[in-house]
Amino acid sequence: MSLQSYVNKKVLVITADGRTLTGNLLSCDQLTNLVLGQTIERVIRPSDDPEPSIEVSHGLYLIRGENVAICGLVDEDLDGQIEWTRVRGSVVGGVKHV
């Protein structure tokens, strides 16, 4: 499946090492290398962690295709209703290559 239809739309990317990034997809290629604009990394903390979940702004961000586990469109209305600093959850594990 081509990601060309996602260009200039807000996407969420989960990387092979378990990071969660959202941003506007500016460009992609046949190797799934992605360029995101206005990128934010969401660091979701487990419920037993006293630190709050955070959003870290990265701005323009390049993700190599080999590090992309999942890329999908974001429902911006729903996303805007969520207070991400209050979200708690389990840590997403990394990808295991066999």
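Strand β1 (residues 10-15) and strand β5 pair in the antiparallel sense over 5 bridges, where two strands are taken to pair if DSSP finds at least two bridges between them. Strands of a sheet pair through backbone hydrogen bonds, either parallel or antiparallel. Within this pair, V13 stands opposite C71 of β5. The structure is a predicted model, in which local features need pLDDT of at least 70 and side-chain atom pairs count only at pLDDT 80 or more, while totals for chains, interfaces and linings use all residues. Residues are numbered from 1 along each chain as its sequence is written, and side-chain values use heavy atoms, with hydrogens and water left out.

The pairing of β1 with β5 belongs to an open sheet of 5 strands, arranged in the order β4-β3-β2-β1-β5 with antiparallel pairing. The edge positions are taken by β4 (54-63) and β5 (68-73), each of which pairs on one side only. From one strand to the next the twist averages 25 degrees, with axes given as lines fitted to C-alpha atoms and angles running from 0 to 180 degrees between N-to-C directions.

The protein has 1 helix and 5 strands, these elements being DSSP runs numbered from the N terminus (helices, H or I, of at least four residues; strands, E, of at least two). Along the sequence they follow the pattern β-β-β-β-β-α. The radius of gyration of the protein is 14 Å, close to the 13 Å that the globule rule gives for 98 residues, so the protein is as compact as a globular protein of that length; the radius is taken over C-alpha atoms, and the rule is 2.2 Å times the number of residues to the power 0.38. Taken along the principal axes, the C-alpha atoms fill a box of roughly 40 × 35 × 20 Å.

Buried residues make up 32% of the 98 residues, where buried means under 20% relative accessible area, exposed over 50%, and partly exposed in between (1.4 Å probe, protein chains only). Of the contacts with a separation of 6 or more, 53% are accounted for by residues 24 or more positions apart, a contact being heavy atoms within 4.5 Å.

T39, found in strand β3 (residues 34-43), counts as buried at 0% relative accessibility. Leaving aside its neighbours within four places in sequence, T39 is in contact with L21, T22, G23, V56, S57, H58, G59 and Y61. Q38, also found in strand β3, is by contrast exposed, with a relative accessible area of 62%, and its phi is near 50 degrees, a positive value in a residue other than glycine. A positive phi, near 65 degrees, is likewise found in T32, a residue other than glycine. T32 has its place in the loop between β2 (20-28) and β3, and at 29% relative accessibility T32 counts as partly exposed.

With a disulfide defined as a pair of cysteine sulfur atoms within 2.5 Å, the count comes to 0 disulfides. The sulfur of C28 is 8.0 Å from the closest cysteine sulfur, in C71, which is too far for a bond. C28 is buried, with a relative accessible area of 12%, and C71 also counts as buried, at 18% relative accessibility.
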